[in-house]
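Please keep the sequence and the structure in view while reading.

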Amino acid sequence: MSATVLLLIIIEYSGVLFAIIADLCSGLHKARINNIPRTSRALRRTIEKIARYFNTLLALTILDGMIIAGVIYLRSTGIASLPIVPIFSLLGAIALTIIEIKSICEKAEEKGDPSQATKTIRELLESPSLKTIIKQLQNDPKK
């Protein structure tokens with residue numbers, strides 16, 4: 001069971017990293033097409049973004065670890081049988097990946113509108129399909 005959780009977390013972190021790399025490649029391509037100089041400052045911002053994203057994911061993973069430890073304790077005492085899922089890391093990875101996908105899709109002159117990114121994340125969190133996935137995880141028959 002713990003190997004599955006570890007694999008899921010590795011996939012989440014890798015997915016976010018691949019999304020950042022895809023955004024970097026897209027940005028370099030757009031800059032080349034628009035004859036915008038590619039500077040070390042822009043690349044440094046990408047490194048800073050990776051550090052911010054992974055700090056956020058690490059904090060969410062620590063939170064998940066504390067929750068999973070509590071679930072394991074509750075299971076061992078027979079009080080409750082809850083599924084072991086790193087839900088906060090999963091949601092954080094999904095949100096960060098969506099931000100990167102949006103960044104890839106938008107035109108260079110449209111960049112920098114944080115309210116649109118917030119709106120996209122809010123729409124994702126309120127989507128019926130995400131709520132269905134969360135309910136399915138909560139009702140996991142592999143308890």
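Helix 2 and helix 3 are roughly antiparallel to each other, a term that applies to angles over 145 degrees, whereas angles under 35 count as roughly parallel, 65 to 115 as roughly perpendicular and the rest as oblique. The axes of helix 2 and helix 3 (residues 87-105) come within 7 Å and cross at roughly 160°. Axes here are lines fitted to C-alpha atoms, for helices over the stretch in contact, and the angles run from 0 to 180 degrees between N-to-C directions. Helix 2 passes helix 3 in a right-handed crossing; a crossing is right-handed if the near helix is turned clockwise from the far one by less than a right angle, and left-handed if anticlockwise.

The model is predicted, so local features need pLDDT of at least 70 and side-chain atom pairs count only at pLDDT 80 or more, while totals for chains, interfaces and linings use all residues. Residues are numbered from 1 along each chain as its sequence is written, and side-chain values use heavy atoms, with hydrogens and water left out.

The protein has five helices and zero strands, which gives the pattern α-α-α-α-α along the sequence. Helices (H or I, at least four residues) and strands (E, at least two) are DSSP runs, numbered from the N terminus. Of the 143 residues in the protein, 25% are buried. Buried means under 20% relative accessible area, exposed means over 50%, and partly exposed lies in between, with a 1.4 Å probe and protein chains only.

How do helix 1 and helix 2 pack? Their axes are 11 Å apart, at an angle of about 165°. Helix 1 and helix 2 are therefore roughly antiparallel to each other, and helix 1 passes helix 2 in a right-handed crossing. Two further pairs of residues can be traced by their C-alpha atoms. E12, which is placed in helix 1, counts as buried because its relative accessibility is 6%. The C-alpha atoms of E12 and L57 are separated by 9.0 Å, although the two residues are 45 residues apart along the chain. A42, in helix 2, counts as partly exposed at 28% relative accessibility. Between A42 and G27 the distance is 9.6 Å, C-alpha to C-alpha, with 15 residues of separation in sequence.

One is formed by K49 with D23, whose closest N and O atoms are 2.8 Å apart. K49 lies in helix 2 and D23 in helix 1 (residues 2-33), so this pair ties together parts that are 26 residues apart in sequence. K49 and D23 are buried. The side chains of E100 and K49 also meet in a salt bridge, at 3.1 Å from N to O. Because E100 lies in helix 3 and K49 in helix 2, the pair ties together parts that are 51 residues apart in sequence. E100 and K49 are both buried.

Which residues make the nonpolar surface patch? L58, I62, L63, M66, I67 and F88 form this patch of about 530 Å². Patches are made of residues with over 30% relative accessible area and no salt bridge, with like charges joined within 9 Å and nonpolar side chains (Val, Leu, Ile, Met, Phe, Trp, Tyr) within 5 Å. The accessible areas come from the Shrake-Rupley method with a 1.4 Å probe, and for residues only the protein chains shown count as cover. Helix 2 (residues 40-77) gives the most to the nonpolar patch, with five residues. M66 is found in helix 2 and is exposed, with a relative accessible area of 55%.

I121 is partly exposed, with a relative accessible area of 22%. The C-alpha atoms of I121 and I98 are separated by 7.5 Å, and the two residues are 23 residues apart along the chain.

Methods: A salt bridge is a side-chain nitrogen of Lys or Arg within 4 Å of a carboxyl oxygen of Asp or Glu.
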